[in-house]
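Visitor: I would like to learn how to read a model like this one. Where do we begin?

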Amino acid sequence: MNHLKHLDWPFFEDRHRALASELDAWCAKHLAHGAVDHEDVDASCKALVKALGAGGWLTHAVAGEGEAIDTRAICLLRETLARHDGLADFAFAMQGLGSGAISLMGTPAQREAYLPRVARGEALAAFALSEPEAGSDVAAMQCAAREDGDHYVLDGQKTWISNGGIADFYVVFARTGEAPGSRGISAFIVDAGLPGFEIAERIDVIAPHPLATLRFTRCRVPKSAMVGAPGEGFKVAMRTLDVFRTSVAAAALGFARRALEEGLSQSKERAMFGATLADLPLTQAKLADMACTVDSSALLVYRAAWERDQGRTITREAAMAKLMATEGAQRVIDAAVQLHGGRGVRRGEIVESLYREIRALRIYEGASEVQQLIIGRDLLKNG
Ligand SMILES: Cc1cc2nc3c(=O)[nH]c(=O)nc-3n(C[C@H](O)[C@H](O)[C@H](O)COP(=O)(O)OP(=O)(O)OC[C@H]3O[C@@H](n4cnc5c(N)ncnc54)[C@H](O)[C@@H]3O)c2cc1C
């Protein structure tokens, strides 16, 4: 199966084709099954960020002054990394998501202080929006930032923060109260060592990644650390998510593509009823469904990425890509597990880890129901 065939599609330019092929070769060398330790995820993520930085891949996670973020490149990178290793994809994604606000709306001084280190893999980034009582309902945010001279004073909590505990800096969203609801939120860069900032709890999940609850207690952040204007935090968050939501879909696509590959080889190899699993018509139907889902997800992902790179608003397209690619990948991976029989649920099998990896993608950066709402409302408003 040629997993790079879609690079012929007209969505891509030659630089994208070269990028994806080169990364695929890099991954085959550095991310073979078993090469990344998924037990000590803190150490693995730090090492992966260093390796991705040394390989030059993280330059695509940030945008230089006056440059646009290349959404197609980010999606190809995430698809390729996810196909090889979920933690490698996570390490790349967090460098982008955590620094995205600075790339998109940071001041020259903020860009200079953070982006080169992110791109070299010398500083780990995190994006801190969710709270215990404000997940899907972002406007219910309680973490507050009070103005005090040249500083803002942060009090409150953030939870489910990826890279929490190992990040060097966090882009934190807090209520500054310029207006009610989502219009009274601002974004701040908080360095990990700042007094009043602590890791309240580390969180263990079914596909382990560094994840934590953060606590701010009279944490003084200089005004120069605000990203965007006061009250613009929601806009900062949504602009960042507009780029990275499509890339979550790309990661799901990478997982699904790997599951299809594993399902195909298992079907051909497994002897059964005097033939192979692949000879059974029900297997062929299953494989057909898997392939259709992979291709339709890929079309939605790269349609959204291409449209964004043309400068268009992609709220609906990104939501469609995320909804279909993550839900579809769950089905494709489940089918691959089924094709593997007992082996499919054995720890250490590739399809078993994919089964765990995919689940959270249907929840974070907007759960599937939130994507449905976005699409439905956009249809009703814009036709
Ligand atoms: C592994 C992982 C990593 C994460 N990383 C980060 C991170 O780096 N930074 C960060 O800020 N956050 C992060 N999150 C948090 C994530 O964004 C939230 O979990 C997500 O927004 C859902 O919020 P919640 O968990 O509070 O669920 P809730 O908001 O309580 O939602 C629960 C469920 O309600 C349903 N639902 C939601 N809205 C609607 C609706 N309008 N109509 C019908 N049903 C609905 C959905 O099925 C949803 O799953 C991460 C989460 C996970 C699991």
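**Reading the features**

Guide: The buried residues of helix H9 are Ile350, Val351, Glu352, Leu354, Arg356, Glu357 and Ile358. Keep in mind that this is a predicted model.

Visitor: Which helices do the buried residues of H9 pack against?

Guide: They pack against H4, helix H6 (233-269) and helix H8 (315-339).

Visitor: How do I describe a pair of packed helices?

Guide: Two packed helices are described by the angle between their axes and the distance between the axes. Take helix H2 (residues 41-54) and helix H4 (residues 86-105). Their axes are 9 Å apart, at an angle of about 65°. Angles of 65 to 115 degrees count as roughly perpendicular, and H2 and H4 are therefore roughly perpendicular to each other.

Visitor: What is the hand of the crossing where H2 passes H4?

Guide: The crossing is right-handed.

Visitor: Which residues in H2 and H4 meet?

Guide: From H2 come Val41, Ser44, Cys45, Leu48, Val49 and Leu52. From H4 come Leu87, Ala88, Phe90, Ala91, Phe92 and Gln95. By class, this contact of H2 with H4 has 10 nonpolar residues, 2 polar and no charged ones.

Visitor: Now H3 and H6. At what angle do their axes cross?

Guide: The axes of H3 and H6 cross at roughly 35° and come within 7 Å. H3 passes H6 in a right-handed crossing. The residues of this contact divide into 10 nonpolar, 5 polar and 6 charged.

Visitor: Take two residues in H3. Is Thr71 buried or exposed?

Guide: Thr71 lies in helix H3. Its relative accessible area is 1%, so Thr71 is buried. Not counting residues up to four places away in sequence, Thr71 touches Val243, Ala305, Arg308 and Asp309.

Visitor: And Ala82: buried or exposed?

Guide: Ala82 is also found in H3, residues 71-84. With 2% relative accessibility, Ala82 counts as buried. Leaving aside neighbours within four places in sequence, Ala82 is in contact with Asp89, Ala251, Gly254 and Phe255. Ala82 and Ala250 are 168 residues apart in sequence, and their C-alpha atoms are 8.5 Å apart in space.

Visitor: Next, the core. Which residues in the largest nonpolar core touch the most other members?

Guide: Among its 78 residues, they are Leu154, Phe169, Phe173, Phe188, Val190 and Phe216. H4 gives the most to this core, with 11 residues. Another core, of 43 residues, lies apart from it; Val294, Tyr302, Ala318 and Val337 are among them.

Visitor: Which residues is Val190 in contact with?

Guide: Leaving aside its neighbours within four places in sequence, Val190 is in contact with Leu154, Asp168, Phe169, Tyr170, Val172, Phe197, Phe216 and Val221.

Visitor: Last, the backbone. How do I read phi?

Guide: Most residues other than glycine have a negative phi. Arg218 has a positive value, near 45°. Arg218 is found in strand S7 (residues 211-222) and is exposed, with a relative accessible area of 60%.

Visitor: Where does Phe273 lie?

Guide: Phe273 is in the loop between strand S9 (271-272) and strand S10 (275-276). Its phi is positive, near 50°. At 75% relative accessibility, Phe273 counts as exposed.

Methods:
Residues numbered from 1 in each chain as written. Predicted model: local features only at pLDDT ≥ 70, side-chain atom pairs only at ≥ 80, totals over all residues. Heavy atoms only, no water. Axes fitted to C-alpha atoms, helices over the stretch in contact; angles between N-to-C directions. Helix = DSSP H or I, 4+ residues; strand = E, 2+ residues; numbered from the N terminus. Parallel < 35°, antiparallel > 145°, perpendicular 65-115°, else oblique. Left-handed = near helix turned anticlockwise from the far one by under 90°. Contact = heavy atoms within 4.5 Å. Nonpolar A, V, L, I, M, F, W, Y, C, P; charged D, E, K, R; others polar. Core = buried A, V, L, I, M, F, W, Y, C linked by side-chain atoms within 4.5 Å. Buried < 20%, exposed > 50% of the residue type's maximum accessible area, 1.4 Å probe, protein only.
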